[in-house]
Amino acid sequence: MQDNGNALKIFTGNAHEELVKEICVDLGCALGDAEISRFSDGEIAVKINESVRGADTFVVQPTCPPCNENLMELLCMIDSLRRASANRITAVIPYYGYARQDRKAAARDPITAKLIANLLTTAGANRVLTLDLHAPQIQGFFDIPVDHLYGAPILVKYFNEKGLEDITVVAPDVGAVRDSRSFAQRLEASLAIIDKRRPKPNVSEVMNIIGDVEGRNLILFDDMIDTAGTITHAAKALKEMGAKSIYACCTHPIFSGPAVGRLNSAPIDELIVLNTIPQNPERLPKMKILSVAPLIADAIERIHLHQSVSVLF
């Protein structure tokens, strides 16, 4: 695929090669020839094995665990492409790590989400394409264009095809109310809210449940599941309140620490996630994985051809 003579080239690091191959199939192009290796002391070595001079290049790399390794691979690849005279470099980051550090929540806290934005720009990225930022205002941390995609339409389509009735979308905490309300409107469902207290990071406690949940099919909706404390505590509380069935869904399945054990033992009928982060489906038998490859591929093509990306929102 070319636009004004500038070839489209897709590259990736080691974070999520399976997703990148799906994107290349949807775009009908080959994956760029690049090698990411390590020196004996652990330093990252990048080698681009084809010419990218004048090319429209896209580096697809979620900054998922191991976050720092994958982030450094992304920065090194961007720098390599810039020094090889690529015409434009777009960092495609399905999962943007450090997004939860978007403000000073306490004295002397770093705003690391802004630091990462600065690093990407300094490395040579001309544009960023990402999916479901934990805080949408992070787009303002960048001095380069940011295309922010949403995973909700993929999840809405899945639930519509299931044909569930008496649906209530549940926001697992107050911070998720806005996105959960939009999700509920798409499904023509009612909304419930869980009042949650977080005494310290990665620890949550359910205080109150606002809304009608008894005898209804509930969908817990959040942008990410990390240690799964919020989702599993919510599911248990909702089951005690008489929920008919409980579904949980998210865009970014991080699943760190005790997450897998918690999710396997939680009263959740089905867990639906997007593949922004690589997953082993055997760890969670109740998990359904939906692909974001067609959405990202469509966005890449539109960026390459200088077409509107907002229609994908």
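**Close-up views of a predicted model**

**View 1. The buried face of helix H1.** In helix H1, which spans residues 17-27, the buried residues are Leu19, Val20, Ile23, Cys24 and Leu27. Looking down the axis of H1, these buried residues fall within an arc of 140 degrees, so they line one face of the helix. Turn to the other side of H1 and you will find Glu18 and Val25, both exposed. What do the buried residues of H1 pack against? Their partners are strand S2 (6-12), strand S5 (56-60) and helix H8 (293-304). Just after H1 comes glycine 28, with a positive phi of about 70 degrees. As in every view here, the coordinates come from a predicted model.

View 2. S5 pairs with S2 in the parallel sense over five bridges, and aspartate 56 in S5 is the bridge partner of leucine 8. S5 also pairs with strand S6 (residues 88-93), in the parallel sense and over five bridges. Here threonine 57 stands opposite isoleucine 89 of S6.

**View 3. The largest nonpolar core, around isoleucine 300.** In soluble globular proteins, nonpolar side chains tend to be buried together. The largest nonpolar core of this model has 42 residues, and those with the most contacts inside it are Ile10, Ile23, Phe159, Phe183 and Ile300. Which element gives the most to this core? That is H8, with seven residues. Setting aside neighbours within four places in sequence, isoleucine 300 is in contact with Leu8, Ile10, Ile23, Leu27, Phe58, Val92 and Leu129. A second, separate core has 33 residues, among them Val52, Val59, Ala99 and Ile144.

**View 4. An aromatic cluster.** Tyr158, Phe159, Phe183, Phe221 and Tyr247 form one aromatic cluster. Across the whole structure, a search finds five aromatic pairs. One of these brings together phenylalanine 159 and tyrosine 247: the ring centres are 5.9 Å apart and the planes stand at 85 degrees, so the pair is edge-to-face. It links distant parts of the chain, with phenylalanine 159 in helix H4 (residues 152-162) and tyrosine 247 in strand S13 (residues 245-253), 88 residues apart. Both phenylalanine 159 and tyrosine 247 are buried. How are the rings of phenylalanine 183 and phenylalanine 221 arranged, stacked or edge-to-face? They are stacked, at 4.2 Å centre to centre and with 5 degrees between the planes. This pair, too, links distant parts of the chain: phenylalanine 183 belongs to helix H5 (residues 177-187) and phenylalanine 221 to strand S12 (residues 217-225), 38 residues apart. Phenylalanine 183 is buried, with a relative accessible area of 0%, and phenylalanine 221 counts as buried at 7%.

**View 5. Cysteines without disulfides.** A search of the whole structure finds zero disulfides. Cysteine 24 is buried, with a relative accessible area of 4%. Cysteine 76 is in no disulfide either, and the nearest cysteine sulfur, that of cysteine 67, is 14 Å away. Cysteine 76 is partly exposed, at 21% relative accessible area.

View 6. A cis peptide bond joins proline 65 and proline 66, with omega about -5 degrees. Proline 66 is in the loop between S5 and helix H2 (67-83). Glutamate 188 has a positive phi of about 55 degrees although it is not a glycine, and its place is in the loop between H5 and strand S10 (190-200). Phenylalanine 255, another residue other than glycine, has a positive phi near 55 degrees; this residue is found in the loop between S13 and helix H7 (259-265). Are these two residues buried or exposed? Glutamate 188 is exposed, with a relative accessible area of 76%, whereas phenylalanine 255 is buried, at 6%.

Terms used. Residues numbered from 1 in each chain as written. Predicted model: local features only at pLDDT ≥ 70, side-chain atom pairs only at ≥ 80, totals over all residues. Heavy atoms only, no water. Buried < 20%, exposed > 50% of the residue type's maximum accessible area, 1.4 Å probe, protein only. Helix = DSSP H or I, 4+ residues; strand = E, 2+ residues; numbered from the N terminus. Arc of directions from axis to C-beta. Contact = heavy atoms within 4.5 Å. Disulfide = S-S within 2.5 Å. Core = buried A, V, L, I, M, F, W, Y, C linked by side-chain atoms within 4.5 Å. Phe/Tyr/Trp six-rings, centres within 6.5 Å; stacked < 30°, edge-to-face > 60°. Pairing = 2+ DSSP bridges.
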